[in-house]
Amino acid sequence: MSAAPGSGSNSGGGTFTPLLLAVLVMISAVAVVQIKQHNRNLTTRLDGMRQERERLQLEWAQLQLEQATLAQHGRVDELARRQFDMVDPLDYQIVPEDSAAAAGKPQ
C-alpha cells in the first residue's frame with residue numbers, strides 16, 4: 001500500500017525545506033549588505049588616498065622648483081663670494097706635490 005500525499009510520513013520534510021531556504025536567503029541578504037558596506041568603506045579610503053597623492057604630487061613639484069631655484073649657478077656664485085669671500089683666481093699656479101706636502105708640515 002502506498003501512502004497518500006500529505007499523510008504523516010512525508011510531512012516533516014515539507015516544512016524543513018522552506019525554512020532552510022528562508023534562513024539561507026536571510027544569510028545571503030546579510031552578506032550582501034556587509035559586502036556593500038565594505039565596498040563603500042574601501043571606496044572612501046581610495047578617494048582619500050587619491051586626494052593625498054595629488055597633494056603630495058603638488059608638494060613634490062613645488063619642492064623641485066624650489067631646489068632648482070636654490071641651485072642656480074648665479075645664486076651659488078653670489079653666496080660663495082659673499083659668505084666665504086671667494087674670488088676668481090687671477091693666475092693659475094701648478095703646485096708640485098712635494099712643496100704642497102712640505103707647506104702643510106710645521107717647521
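This report walks through a predicted model of one protein chain, from its overall layout to single contacts.

## Overall layout

The protein chain has three helices and zero strands. Read from the N terminus, its elements run α-α-α. Helix H1 covers residues 11–70. Helix H2 covers 73–84, and helix H3 covers 97–104.

Of the 107 residues in the protein chain, 2% are buried. The accessible surface of the chain comes to about 10,300 Å². Carbon and sulfur atoms account for 62% of that area.

## Confidence

The chain averages a pLDDT of 84. A score of at least 70 is reached by 79% of the residues. Confidence is highest in H1, at a mean of 94. It is lowest in H3, at a mean of 67.

Begin with glutamate 52 and arginine 55. They form a salt bridge, and their closest N and O atoms are 2.7 Å apart. Both residues lie in helix H1, three residues apart, which is about one turn of the helix. Arginine 55 also meets glutamate 59 in a salt bridge, at 3.2 Å from N to O. Arginine 55 and glutamate 59 are separated by about one helical turn, because they are four residues apart in helix H1. The general rule behind this spacing is simple: an α-helix has 3.6 residues a turn, so residues three or four places apart point the same way. Side chains of opposite charge can then pair when their charged atoms come close.

How exposed are the three partners? Glutamate 52 is partly exposed, with a relative accessible area of 35%. Arginine 55 is partly exposed too, at 43%. Glutamate 59 also counts as partly exposed, at 36% relative accessibility. Salt bridges that share partners join Glu52, Arg55 and Glu59 into one network.

## Other features of H1

Helix H1 also holds leucine 19. Leucine 19 counts as exposed because its relative accessibility is 55%, and the cut-off for exposed is over 50%. Leucine 19 is one of the residues in a nonpolar patch on the surface.

Threonine 44 is exposed, with a relative accessible area of 56%. Its side chain reaches the backbone oxygen of arginine 40, at 2.9 Å.

Aspartate 85 follows H2. This residue lies in the loop between helix H2 and helix H3. Aspartate 85 is exposed, with a relative accessible area of 64%.

The side chains of arginine 81 and aspartate 88 meet at 2.9 Å, N to O. Arginine 81 is partly exposed, with a relative accessible area of 32%.

## Salt bridges in total

How many salt bridges does a search of the whole structure find? The search finds five. Among them are the pair of glutamate 52 and arginine 55, the pair of arginine 55 and glutamate 59, and the pair of arginine 81 and aspartate 88.

Terms used:
Residues are numbered from 1 along each chain as its sequence is written. This is a predicted model: local features need pLDDT of at least 70, side-chain atom pairs count only at pLDDT 80 or more; totals for chains, interfaces and linings use all residues. Side-chain values use heavy atoms; hydrogens and water are left out. Helices (H or I, at least four residues) and strands (E, at least two) are DSSP runs, numbered from the N terminus. Buried means under 20% relative accessible area, exposed over 50%, partly exposed in between (1.4 Å probe, protein chains only). A salt bridge is a side-chain nitrogen of Lys or Arg within 4 Å of a carboxyl oxygen of Asp or Glu. pLDDT is the predictor's confidence in each residue, from 0 to 100. Patches are made of residues with over 30% relative accessible area and no salt bridge: like charges are joined within 9 Å, nonpolar side chains (Val, Leu, Ile, Met, Phe, Trp, Tyr) within 5 Å. Accessible areas come from the Shrake-Rupley method with a 1.4 Å probe; for residues, only the protein chains shown count as cover. A polar contact is a pair of N or O atoms within 3.5 Å; within protein, one must be able to donate a hydrogen and the other to accept it, and residues adjacent in sequence count only if both atoms are side-chain atoms.
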